[in-house]
2 protein chains.
Amino acid sequence: MSLDGCLTHHDRPGTGFGSPADHAFFRAALPTFDCSIAGRLTYQAGRESILRARESSRLQMVLTSTPERFEADSMAEHLEFRNADTSSVVAELRQRGRSRCALLGGARLYTEACAQDLLDELWVTIEPVAFGEGTRMFEGRTDFRFEVMGAERLSSETWLLKYRRAGRRGVLA
Amino acid sequence: MSLDGCLTHHDRPGTGFGSPADHAFFRAALPTFDCSIAGRLTYQAGRESILRARESSRLQMVLTSTPERFEADSMAEHLEFRNADTSSVVAELRQRGRSRCALLGGARLYTEACAQDLLDELWVTIEPVAFGEGTRMFEGRTDFRFEVMGAERLSSETWLLKYRRAGRRGVLA
């Protein structure tokens, strides 16, 4: 995120503006999860590198109203597409024995996951830039409250702030 | 600021959502400045308490296109109104011997001050809430770059992040 709350640089999709430290943190954190959920746009923004690493990856779920469009991309247990809401997919993941799920965006997924009380923790990396305009973290008016878990300086320029939803216990575990 | 970059709770003006720690930090920091600049809306949101403390305060400048409307509020050397842009007011403050100016908002003032290279440091307190909608820090598309100065945990819930403009030296001093 830019320090003024933008997840993208103006209308450019993806996280290209992120610092090397942010990208390194993301790459190191992902393997600590045994599954993930992303929206279709987020999937498409990272599609090339996701397909390259598909075979060795955790179970990645992509939410889309047209899963049939992505049949060629899918690979059971690694990359699957669902026309379903977040809570159904979380229920399926729980049933399939997964215990730690990364929600990778975008804003609609974050908003739905918080509104349906499916999100345990929120990790925000803050880059020292201000974009004024860009995709925001949540859609519409929200009133979500969190608790501070801690902060970590990832590099000379990048902060990682970790929050948990106020009063929450884990969803999957 | 909420953790998703809102300076106000939805469309409610002012900083009422701020934590006690944030308000205490603000009250303690202000006396370390010998002058300040605010936009008219920001002034009006805090007008009552500003007028109450007017006599003992630093020189407060308010930018407005209609300074004559605020003649009854003004008090020389304490609360003055200017129909002028930020750089002219900063130049006047420098000429009047002031060396440390707080820019108190809103978004237009922050944007203009950054665009005109008048801002040395940016202090952001982050509350553990997400509002989705609210006043943002900057107006329009910006590309401002900062350097991390440091961070401080003001309370169990509130972080203070301090930045300086990349490659800047002081404007007034």
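Contact here means heavy atoms within 4.5 Å.

1. Basis of the note. This is a predicted model, in which local features need pLDDT of at least 70 and side-chain atom pairs count only at pLDDT 80 or more, whereas totals for chains, interfaces and linings use all residues. Residues are numbered from 1 along each chain as its sequence is written, chains are lettered from A in the order in which they are written, and side-chain values use heavy atoms, with hydrogens and water left out.

2. Core. A nonpolar core is a set of buried Ala, Val, Leu, Ile, Met, Phe, Trp, Tyr and Cys residues joined through side-chain atoms within 4.5 Å; buried means under 20% relative accessible area, exposed over 50%, and partly exposed in between (1.4 Å probe, protein chains only). The largest such core has 59 residues, and Phe146(A) and Phe146(B) have the most contacts inside it. Beyond its neighbours within four places in sequence, Phe146(B) touches residues of chain A, including Leu3(A), Pro128(A), Val129(A) and Ala130(A). Among its partners in chain B are Cys114(B), Leu119(B), Phe138(B) and Tyr163(B).

3. Extent of the interface. Chain A and chain B each contribute 36 residues to the contact. Together they bury about 3,100 Å², with 55% of it on carbon and sulfur atoms; buried area is the accessible area (1.4 Å probe) that two parts lose on being put together, summed over both.

4. Charged pairs. Six salt bridges are counted between chain A and chain B, a salt bridge being a side-chain nitrogen of Lys or Arg within 4 Å of a carboxyl oxygen of Asp or Glu. One of them joins Glu133(A) to Arg141(B), whose closest N and O atoms are 3.3 Å apart.

5. Cis peptides. In chain A, the bond between Gly105(A) and Gly106(A) is cis, with omega about 5°. The bond from Gly105(B) to Gly106(B) is also cis, with omega near 5°. Most peptide bonds are trans.

6. Which value does phi of Asp117(A) take? It is near 60°, a positive value in a residue other than glycine. Asp117(A) counts as partly exposed, at 38% relative accessibility. His10(B), likewise not a glycine, has a positive phi of about 55°. With a relative accessible area of 13%, His10(B) is buried. Most residues other than glycine have a negative phi.
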